Amino acid sequence: LFLFGCFTFNICNNKLRKFLMIEGLLQALTLSTLLWLTVGVMIGMIVGTLPGLTATMGTALLVPFTFALPTGEGIAMLGGLYVCAMFSDAIPACLVNTPGTPAAMATAFDGHPMTLKGRGQEAIVASCFSSALGTVFGAGCYLLLAWPLITIALKFGPPEFCWLGVFALTIIGSLAGDSILKGLAGAAIGLLISCVGISHGNELSRFTFDIPPLQGGVSLVAGLIGIFAIPQVLSMVSELRKKEFIAEYKPKSGETLKTIKKVMEHPWHALRSSAIGSFIGILPGAGSPIAALVSYNEGIRWAKDKSQFGKGDLRGVTASEIANNAAAPAAMIPLVTLGVPGSSPAAVIAGALMLRGLNPGPELFQNDGALVYSFGWSLLFAGIVTFILGSLFAPLLVRIIRIPLRLLAPLIMLLATIGAYAIRNNIFDVYIMLGLGVFVFFAKRLGFHPGPIGLGLILGPIIEPSLIQALYISDAVGVGKVFFTGIINISLITLIIVSVSLVVWSRRKDKIQQHESTSAKS
């Protein structure tokens with residue numbers, strides 16, 4: 001950590017950047033910040049270990065409880081939960097082949113076979129150490145790349161931000177769910193929900209149905225809890241667990257050091273997985289699940305001996321965990337530089353910042369640059385704290401997955417109701433949360449993914465004001481000059497076309513291969 005800090009400081013040739021980075025480090029090292037960061041990490045362990053509780057859901061539930069804290073400490077607490085949940089989801093994945101979150105799906109490929117071979121402790125320790133490596137690498141990318149990208153972000157005006165929001169939505173819509181059209185439709189639904197209330201342009205009421213509380217719009221936190229948490233609870237109740245969570249976990253002395261040595265025997269494998277996770281994390285909407293799967297696939301591609309993958313190979317566990325944890329801090333880079341969330345939990349954190357009157361993007365850098373770097377350092381420290389606590393408490397966390405559903409579901413509903421009500425002390429927000437939850441629950445049954453809906457809800461307040469401002473500008477010079485000229489506009493439009501085209505091509509290719517394999521079997 002000391003060497004990384006020296007390296008980071010030396011390559012910062014800008015005096016203001018050095019000052020902000022040091023100030024952010026000092027803020028992150030305060031006792032209160034470290035304390036709440038540790039609390040967030042411990043909550044994240046519980047969230048990730050419980051099957052069905054995702055990092056997004058846990059972050060959304062925790063947001064209301066951070067309002068009593070100063071901004072830096074509250075955001076650090078959310079970051080700690082986010083980082084740790086990306087590790088602790090590996091515990092049920094390895095022990096019982098039940099990923100705690102979607103990002104741990106690739107971890108289960110080799111983690112569970114390791115447990116069946118009596119190597120459960122090795123799998124968990126490897127996941128914990130790999131998570132720390134990935135988090136430190138991703139946080140380093142955050143600290144090093146956030147400032148250079150801000151110089152580009154400052155060149156963005158209303159039309160550029162409008163196209164950027166559309167670009168983010170196309171990526172989200174095309175990657176989430178089994179259907180491209182359903183993914184894009186989900187993003188459109190989220191945008192429509194964000195339009196409820198008084199319009200930005202002409203101050204008219206939209207979609208309020210003469211209900212006065214709706215004129216203030218949909219509460220961001222209530223909406224996110226309703227989209228992500230309530231459908232999961234309803235799914236857990238409707239699809240009752242059909243088997244007991246039974247797994248052997250026998251601690252062995254000295255196993256932690258042995259496992260760390262095994263992980264470090266493949267430095268290029270770790271570096272490649274970190275780079276893949278960070279790169280995919282920076283892409284808006286991609287997120288940790290995709291990073292883990294891509295890294296796992298590349299781990300197999302570059303391995304000399306591929307025979308053990310899927311049968312209990314330690315490299316399969318490390319490839320997945322390093323990548324999905326590197327993607328977590330890297331997903332914050334587009335949030336703090338461009339104001340576009342890089343993942344669903346990043347969208348929730350964006351909502352937490354906006355509720356405090358802080359707009360993610362260039363404005364946040366200009367007004368409170370030290371907070372941006374303090375958050376980056378907090379993410380880095382969260383990775384270290386996660387490794388320490390994870391190694392100590394993993395045997396106890398295993399027992400959490402035995403909590404019966406009759407206790408788990410009501411507990412989540414209680415926290416969700418408190419979180420929705422506490423924002424504005426308005427019972428109507430609870431109704432909104434429940435209504436959106438039921439709607440998304442049935443939408444999931446039809447093949448829609450809640451991710452695009454939630455991110456559409458977040459990106460709506462970003463896209464609409466930019467679009468309206470750009471249209472006002474176009475009254476003077478014309479729509480074509482405002483939206484379709486300039487290097488940034490053309491580049492973003494090209495990226496939108498390429499992004500959609502690549503997804504359509506890859507999906508069609510997969511269908512052809514699936515059809516050919518089915519024909520060959522028949």
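**Figure 1. An aromatic cluster in the predicted model.** Trp163, Phe483 and Phe484 make up one aromatic cluster. The model is predicted. Across the whole structure, a search finds seven aromatic pairs.

**Figure 2. Tyrosine 142 and phenylalanine 375, an aromatic pair.** The whole-structure search that gives seven aromatic pairs includes the one formed by tyrosine 142 and phenylalanine 375, which is edge-to-face, with 6.2 Å centre to centre and 85° between the planes. Distant parts of the chain are linked by this pair: tyrosine 142 belongs to helix 8 (residues 120-153) and phenylalanine 375 to helix 18 (residues 362-397), 233 residues apart. Both tyrosine 142 and phenylalanine 375 are buried.

**Figure 3. Phenylalanine 441 and phenylalanine 442, an aromatic pair.** The rings of phenylalanine 441 and phenylalanine 442 are edge-to-face, at 5.3 Å centre to centre and 70° between the planes. Phenylalanine 441 has a relative accessibility of 10% and therefore counts as buried, the cut-off being under 20%.

Figure 4. Helix 17 covers residues 344-355, twelve residues in all, and spans 17 Å from its first C-alpha to its last, close to the 16 Å expected at 1.5 Å a residue. Ten of these twelve residues are buried, so helix 17 is largely enclosed by the rest of the structure. The buried residues are Ser344, Pro345, Ala346, Ala347, Val348, Ile349, Ala350, Gly351, Ala352 and Leu353.

**Figure 5. The surroundings of histidine 269.** Histidine 269 is part of helix 13 (residues 267-282). Its relative accessible area is 9%, so histidine 269 is buried. With neighbours within four places in sequence left aside, histidine 269 is in contact with Gly299, Arg315, Thr318 and Ala319. The side chains of histidine 269 and threonine 318 are joined by a polar contact of 3.1 Å.

**Figure 6. Confidence along the protein chain.** The average pLDDT of the protein chain is 76, and 80% of the residues score at least 70. Confidence is highest in helix 20 (residues 427-445), at 88, and lowest in helix 1 (residues 2-11), where the mean is 48. Over residues 1-7 the pLDDT stays under 50, and the model has nine contacts beyond four places in sequence for this stretch. For residues 242-248 the pLDDT is also below 50; the model gives this stretch 13 contacts beyond near neighbours in sequence.

Notes:
Residues are numbered from 1 along each chain as its sequence is written. Side-chain values use heavy atoms; hydrogens and water are left out. Rings of Phe, Tyr and Trp (its six-membered ring) pair if their centres lie within 6.5 Å; planes under 30 degrees apart count as stacked, over 60 as edge-to-face and the rest as tilted. Helices (H or I, at least four residues) and strands (E, at least two) are DSSP runs, numbered from the N terminus. Buried means under 20% relative accessible area, exposed over 50%, partly exposed in between (1.4 Å probe, protein chains only). pLDDT is the predictor's confidence in each residue, from 0 to 100. Contact means heavy atoms within 4.5 Å. The expected span of a helix is 1.5 Å times one less than its number of residues. A polar contact is a pair of N or O atoms within 3.5 Å; within protein, one must be able to donate a hydrogen and the other to accept it, and residues adjacent in sequence count only if both atoms are side-chain atoms.
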